[in-house]
Amino acid sequence: MDFYFGTETTTFKPKKNIPEGSHQYELLKHAEATLGSGNLRMAVMLPDGEDLNEWVAVNTVDFFNQINMLYGTITDFCSEDSCPLMSAGPKYEYHWADGTNIKKPIKCSAPKYIDYLMTWVQDQLDEETLFPSKIGVPFPKNFMSVAKTILKRLFRVYAHIYHQHFDAVMQLQEEAHLNTSFKHFIFFVQEFNLIDRKELAPLQELIEKLTTKDR
């Protein structure tokens with residue numbers, strides 16, 4: 001499930017690793033094996049006997065790493081000048097707030113917004129009480145609502161890349177990587193109802209195109 005671009009791997013933020021030998025690592029390996037079969041609908045389904053929270057946690061970490069890498073490849077094209085607002089086409093603009101450090105939504109450039117967003121996601125993933133990595137440590141009651149917020153925000157990075165930087169993606173010949181990653185992400189959030197349909201509106205046409213063939 002890792003996507004490598006060219007000879008070097010560029011990530012926007014440090015990669016979040018799942019400890020080898022842990023149950024979550026085994027789940028990640030299972031996900032990679034089923035993804036390799038090419039059937040994404042099957043690949044996102046909860047494996048028999050597994051805990052839904054743990055499955056969502058493992059995949060959320062993986063999507064963070066994928067988006068981290070995808071955005072890392074186009075950071076040269078996403079600047080304060082080229083993207084003074086965080087947008088996904090002319091109709092959708094995002095303002096940043098995290099509820100703790102920045103309580104009132106602020107307008108900011110796309111690179112600033114994505115920096116805030118990825119740092120915030122990283123902080124959630126590193127929080128052991130929220131994303132426990134040790135066997136037997138229970139997930140908190142609010143886990144699913146936090147995971148939904150993370151995925152909703154990660155979607156905005158895909159939306160920004162598709163709307164504002166797809167030319168750069170094509171120039172770098174990374175559109176197949178981007179499409180595969182996004183399709184996997186969409187199948188996953190659809191399978192477990194993790195993002196409201198209205199939040200997906202900026203890429204609705206693309207979502208329909210990518211998912212109709214697999215119904």
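**Close-up 1. A cluster of rings.** Phe63, Phe155, Tyr158, Tyr162, Phe166, Phe182, Phe185, Phe188 and Phe192 are linked into a cluster by ring pairs. Here, rings of Phe, Tyr and Trp (its six-membered ring) pair if their centres lie within 6.5 Å, with planes under 30 degrees apart counted as stacked, over 60 as edge-to-face and the rest as tilted. Searching the whole structure turns up 15 aromatic pairs. A word on the model: it is a predicted one, so to speak of local features takes pLDDT of at least 70 and side-chain atom pairs count only at pLDDT 80 or more, while totals for chains, interfaces and linings use all residues. Numbering starts from 1 along each chain as its sequence is written, and side-chain values use heavy atoms, with hydrogens and water left out.

**Close-up 2. Trp96 meets Tyr113.** These two form an edge-to-face aromatic pair, 5.3 Å centre to centre with 90° between the planes. Trp96 sits in the loop between strand E2 (93-94) and helix H4 (110-126) and Tyr113 in helix H4, so the pair ties together parts 17 residues apart in sequence. Helices (H or I, at least four residues) and strands (E, at least two) are DSSP runs, numbered from the N terminus. Both Trp96 and Tyr113 are buried; that means under 20% relative accessible area, with exposed over 50% and partly exposed in between (1.4 Å probe, protein chains only).

**Close-up 3. Charges over rings.** Lys112 lies over the face of Tyr116, 5.1 Å from the ring centre. Arg153 does likewise with Trp120, at 4.4 Å from the ring centre. To count, NZ of Lys or CZ of Arg must be within 6 Å of the ring centre and within 35 degrees of the ring normal.

**Close-up 4. H5 against H6.** The axes of helix H5 (residues 143-171) and helix H6 (residues 175-191) come within 11 Å and cross at roughly 155°. Axes are lines fitted to C-alpha atoms, for helices over the stretch in contact, with angles from 0 to 180 degrees between N-to-C directions. H5 and H6 are therefore roughly antiparallel (over 145 degrees; under 35 is roughly parallel, 65 to 115 roughly perpendicular and the rest oblique). Among the contact residues are Leu151, Phe155 and Tyr162 of H5 and Leu178, Phe182 and Val189 of H6, contact meaning heavy atoms within 4.5 Å.

**Close-up 5. His165, tucked into the buried class.** His165 belongs to helix H5 and counts as buried at 4% relative accessibility. Leaving aside residues up to four places away in sequence, His165 touches Ile74, Phe77, Cys78, Cys83 and His160.
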